[in-house]
Amino acid sequence: MAEFQVEMNEENRVYTKPRLLTDAVMHYCPGCSHGTIHKLVAEVIEEMGLEERSIGISPVGCSVLAYNYIDIDWAEAAHGRAAAVAAAIKRLNPSKLVFTYQGDGDLAAIGTGETIHACNRGDNITIIFVNNAIYGMTGGQMAPTTLLGMKTSTTPYGRDASLNGYPYKIANMITQLEGVSYVTRQSVHTPAAVRKAKKALRHAFEKSMDGKGLSFIEFVATCNSGWKLSPVAANQWMEEHMFPFYPLGDLKDI
Amino acid sequence: MEEVKLMKGNEVVAEAAVRSGCDGYFGYPITPQTEIIETLMEMRPWETTGMVVVQAESETASINMVYGGAASGKRVMTSSSSPGISLMAEGLSYLAGAELPCVVVNVSRGGPGLGTIQPSQSDYFQATKAAGHGDFHLIVLAPNSVQEMYDFVFDGFDLAFKYRNPVMILTDGLIGQMMEKVVLNRQRPRMTDEYIAEHYGDWALTGKKGRKYNIVTSLELDPQVQEERNHRLQAKYAAVKANEVRYETRLCDDADYVIVAYGCSSRICAKVIEMAREDGYKVGMLRPITLYPFPTEALKALKSHVKGFLAVELSTGQMVEDVRLSVGSDVLVEHYGRYGGMVHSPSEVYDALKEKIINKLK
Amino acid sequence: MKEELIIAGFGGQGVLSMGKILAYSGVMQDYEVSWMPSYGPEMRGGTANVTVMISDQPISSPISHDYDTAIILNQQSMDKFEERVKPGGVLIYDTNGIVRHPVRKDISIYTIDATAEAARRGNSRLFNTMILGGYLKVRPVVSLENVFKGLEKSLPERAHKSLPANQEAVRIGMELIREYVPE
């Protein structure tokens with residue numbers, strides 16, 4: 001078998017890891033959306049030239065260790081409290097880019113109060129919300145965003161509204177709040193979606209830096225481990241089931 | 001500029017915050033400490049020193065805002081009263097775990113539960129031993145005058161930054177609501193961003209300019225490393241114990257009996273020892289000023305000539321346990337206190353002193 | 001010099017602010033002072049009282065069980081605090097609304113009809129400074145000059161236009177106070 005060799009020079013380079021992604025080996029499951037979203041965050045911060053002025057807030061949940069992967073200053077927040085932590089940092093350090101990175105349990109269950117009130121105060125932060133409709137880190141329990149009928153370890157017979165209530169669209173809810181200037185729902189399941197999401201993320205960061213109020217970017221994402229599907233099947237399942245309920249696109253941009 | 005004013009304990013905390021170069025206050029109204037945020041909002045320090053004041057949506061949010069502010073190397077504080085402090089338990093544990101400096105004021109009230117809004121000292125255990133989950137301690141200061149409410153905000157920030165540890169000012173509705181003469185003497189500017197980057201750049205989130213990135217976290221997945229962290233924390237608490245114990249004694253040198261009381265109870269007991277001395281009883285008082293670290297050695301030393309100790313506190317008996325641990329079981333230690341928001345009068349305490357200590361040892 | 005005083009009445013009568021004026025007057029005279037209110041639901045119309053201590057020595061306990069002087073402005077407070085005046089102490093009360101008058105023989109008792117006088121003058125807000133004047137007449141613990149300074153310090157700046165009227169009310173109160181003669 002012939003050796004396939006490529007000369008490692010600039011001319012032949014088609015892809016490079018963003019400079020701000022560290023060399024730490026990510027703990028995310030293969031197929032997980034977090035890796036791609038992390039990459040986008042690193043790229044956009046680098047492209048905006050904000051690496052020396054960025055402070056990220058990581059949540060409790062799968063992305064708790066986000067601070068190991070993106071080479072900027074980070075604080076790890078108590079479960080659900082990232083928006084409050086970020087709000088204070090931004091108010092005390094108005095020239096910084098301050099953003100949270102949170103999952104559905106952290107942001108939309110235990111942290112609903114902090115999320116809503118940061119939105120309502122119009123704190124000049126960006127909230128990155130990764131919604132995969134399940135609790136990944138604790139092993140696949142129901143999230144507030146879990147779809148009806150969806151099986152999780154705490155809804156083993158499928159989410160039943162009479163027992164578990166309904167999935168809710170927090171992105172839609174916060175569009176009503178005056179302090180929020182930008183709400184968008186994105187995904188990273190195809191190269192085209194990734195490119196679009198990156199633009200949206202940059203827009204969100206720019207609005208935060210311009211003091212326009214709170215920017216909220218939701219990523220509808222997969223958790224193939226929690227969903228017990230292969231990465232490819234998870235993407236397909238997301239398109240068929242998640243997107244109809246959590247449609248992609250801008251919800252608010254003022 | 002030095003000023004002499006008549007102010008409430010709560011109001012003076014707001015004055016002290018601004019004058020001590022505090023960068024941010026985050027709080028939520030609760031009786032009997034709401035004057036703190038009201039006074040700050042009235043003062044509008046964001047127009048003078050640039051200090052940020054935020055009325056948060058809850059005590060939970062307040063303490064996490066403090067966590068954020070402290071993580072960025074700023075002088076930040078919050079205040080609340082007992083039920084609100086319980087809500088902050090998680091945040092306090094994170095602050096201690098991430099080794100962040102801050103000042104938290106508890107103007108405590110009667111409990112448990114929603115309890116009363118009147119003065120109480122029943123949060124002693126919580127403040128000194130179990131402010132949240134995990135092996136950690138707050139440094140706890142207990143002012144007994146409006147002047148000390150002022151001074152301890154300054155001292156609190158100094159200790160918090162010296163040890164990178166949360167400091168609690170544990171006071172109560174009596175000191176918070178009382179007005180006294182106060183000398184507003186100390187004053188200092190806020191730290192500049194350059195100062196913070198230079199002095200706290202090894203941990204504070206200032207943006208990773210010219211250095212490796214900083215992470216503020218209390219998470220550690222490897223228990224062996226977490227144990228080392230705990231060792232480090234314990235070494236810090238040992239240093240706090242060795243260097244920061246503060247207490248005050250009154251007429252203890254010749255005392256047969258000693259009252260141990262802190263905060264508002266120490267004011268009431270100062271009157272009690274006057275009454276007792278007039279009757280010819282040799283009574284003195286030891287007032288712990290730091291509740292953590294507790295003045296164990298000072299109490300132990302008194303054992304050489306003191307026959308009995310009465311711990312007086314507005315609780316069913318909390319600090320008394322530390323008194324017993326300090327002096328041992330071979331000397332009489334009793335507790336007296338009203339609670340639930342009731343405040344003992346000097347004559348009530350004096351009666352208890354006679355009944356529980358003096359008459360027993362006659 | 002040491003004065004332990006309680007002022008007790010209804011919320012809204014200016015009990016707390018009267019105490020504050022007096023305490024601030026003490027500060028102006030370089031005395032040690034403390035001002036300790038009852039607080040809470042009382043602030044919203046129920047009974048209210050404040051303990052004021054003025055001394056040339058540091059004040060130990062800011063609360064007390066019995067008092068050198070009690071200023072009593074409603075019946076509930078009379079029922080509660082008459083017995084807590086120290087023997088030889090002073091009790092001052094406004095007769096308005098009092099149905100059971102004090103009976104103690106071992107204390108000095110004074111009345112001051114400030115409610116009626118303030119109403120007659122069409123400014124019920126001067127009621128508390130009149131009472132304060134009456135108190136200072138029988139217990140001149142601070143000089144009038146320092147009382148006026150204390151008044152200025154206690155009132156918010158926006159209320160400073162009412163300073164002359166309040167100073168006048170203090171003087172009126174001094175004239176108004178009478179030794180109580182049981183019927």
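1. Which residue of β9(B) stands opposite A:Ala75? In this predicted model, that residue is B:Val216. The two strands concerned, β2 of chain A (residues 73–76) and β9(B), pair in the parallel sense, with two bridges between them.

2. The contact between the chains involves 31 residues of chain B and 29 residues of chain A. On the chain B side, at least two residues each come from β2 (24–27), β3 (52–55), α3 (59–71), α5 (89–97) and β9 (215–216). Helix α3(B) provides the largest share of that side, with eight residues.

3. Sorted by class, the side of chain B that touches chain A consists of 14 nonpolar, 11 polar and six charged residues.

4. As for the fold of chain B, its secondary structure amounts to 14 helices and 15 strands. The chain has a radius of gyration of 21 Å, and the globule rule gives 21 Å for 362 residues; the two values are close, so chain B is as compact as a globular protein of that length. Taken along the principal axes, the box filled by the C-alpha atoms of chain B is roughly 70 × 50 × 40 Å.

5. Of the 362 residues in chain B, 59% are buried; a residue counts as buried here if 20 or more other C-beta atoms lie within 10 Å of its own. Among the contacts in chain B with a separation of 6 or more, 78% are between residues 24 or more positions apart.

Methods: Residues are numbered from 1 along each chain as its sequence is written. Chains are lettered from A and ligands numbered from 1 in the order in which they are written. This is a predicted model: local features need pLDDT of at least 70, side-chain atom pairs count only at pLDDT 80 or more; totals for chains, interfaces and linings use all residues. Two residues are in contact if their C-beta atoms, placed from the backbone, lie within 7 Å. Helices (H or I, at least four residues) and strands (E, at least two) are DSSP runs, numbered from the N terminus. Ala, Val, Leu, Ile, Met, Phe, Trp, Tyr, Cys and Pro count as nonpolar, Asp, Glu, Lys and Arg as charged, and the others, Gly among them, as polar. Two strands pair if DSSP finds at least two bridges between them. The radius of gyration is taken over C-alpha atoms; the globule rule is 2.2 Å times the number of residues to the power 0.38. A residue is buried if 20 or more other C-beta atoms lie within 10 Å of its own, exposed if 12 or fewer, and partly exposed in between; C-beta atoms are placed from the backbone.
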